[in-house]
Amino acid sequence: MAKHIGIVAVSPEGAALFYQALHRAAGRMLPPTEEPRISMHNEPLNLYIDAIRKDDWHAVGRLLRRSADYLARCGAEFVLSPDNVVAHGIHLAEVGSPVPWLHMIELVGETIQRDGKKTVGVIGTKLVTSASTYQTMLGLKGIHVLPPEPREADTLDQIIYGELIYGQSRPESRLTVLHIIDNLAQRGCEGVILACSEAPLLVTQENSPLPVYDSSTILAEGAVKRAIG
């Protein structure tokens, strides 16, 4: 029987999109009789936002761990979070965790490495694109990660925090993000990481100027593989 998967949710909209991606991945990879059990738990989003704004990663880790503890009691055999912005807190949450964590950043890096890409762009909040969230892990694999230009990063923050986390996506915002991706292509990128769980509301493989590495889709497929051993 497939292992029970626990989703540690942060952004409600991102978690809902990931839940769909996980079920779709299971549908592609498993027969209907073998789909895994899936449980999800969240702490209020505003608690995460307050902790991140204060740069209090221990508080972020405690919030993540609280969800992991609940999920373990529900029977989850491993847990994960589709939210890129809390990646640094996961390392704190997994110390002494009752269940193991599946790491999204590692899975994304492995996927890009298998494709032989050497330079990729990244789309997400400034906290993700300007920090070491992807740069360190992918750099160790010989992959150069390019962030958006500073002004573009500010625009992405406005779109993500002003629209996407509320499930909103304006046509003009879609055009803006696709223009940012096109600029990454002009700077030499061979692909782009969607390092925001809500980014698929705007960007898809079909409309992107670059091949897309959607962190949520990659995590969903990795979770199903982990669930079936």
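A: The model is predicted. On the H5 side, Met104, Leu107, Val108 and Thr111 take part, and they meet Ser215, Ser216, Ile218, Leu219 and Gly222 of H10. Sorted by class, this contact has five nonpolar and four polar residues, with no charged ones.

Two packed helices are described by the angle between their axes and the distance between the axes. H5 covers residues 104-115 and H10 covers residues 215-227; their axes come within 9 Å and cross at roughly 95°. Because angles from 65 to 115 degrees count as roughly perpendicular, H5 is roughly perpendicular to H10.

H10 also packs against helix H1, which spans residues 12-29. The axes of H1 and H10 come within 8 Å and cross at roughly 50°. That angle makes H1 oblique to H10, and the crossing of H1 and H10 is right-handed. From H1, the residues in this contact are Phe18, Ala21, Leu22, Ala25, Ala26, Arg28 and Met29. Their partners in H10 are Ser216, Leu219, Ala220, Glu221, Ala223, Val224 and Lys225. By class, the contact of H1 with H10 has ten nonpolar residues, one polar and three charged.

Another pair is H8, residues 150-162, and H9, residues 171-186. Their axes come within 11 Å and cross at roughly 145°, and the crossing is left-handed. H8 contributes Glu152, Thr155, Leu156 and Ile159 to the contact, while H9 contributes Ser173, Thr176, Val177, Ile180 and Asn183. The classes here are four nonpolar, four polar and one charged.

The structure holds one cavity of 30 Å³ or more, and the largest cavity has a volume of about 50 Å³. Its lining is made of Ile123, Leu156, Ile159, Ile160, Leu164, Val177, Cys196, Ala199, Leu202 and Val203. By class, the lining has ten nonpolar residues, no polar and no charged. H8 supplies the largest share of the lining, three residues. Leu156 and Ile159 of H8 and Val177 of H9 belong to the helix contact, and these residues line the cavity as well.

Conventions
Residues numbered from 1 in each chain as written. Predicted model: local features only at pLDDT ≥ 70, side-chain atom pairs only at ≥ 80, totals over all residues. Heavy atoms only, no water. Axes fitted to C-alpha atoms, helices over the stretch in contact; angles between N-to-C directions. Helix = DSSP H or I, 4+ residues; strand = E, 2+ residues; numbered from the N terminus. Left-handed = near helix turned anticlockwise from the far one by under 90°. Contact = heavy atoms within 4.5 Å. Nonpolar A, V, L, I, M, F, W, Y, C, P; charged D, E, K, R; others polar. 1 Å grid on protein atoms, 1.4 Å probe; cavity = no way out; pocket = protein on both sides within 12 Å on 5 of 7 lines; lining within 4 Å. Points joined across faces, edges and corners; volume = space filled by probe spheres on them. Parallel < 35°, antiparallel > 145°, perpendicular 65-115°, else oblique.
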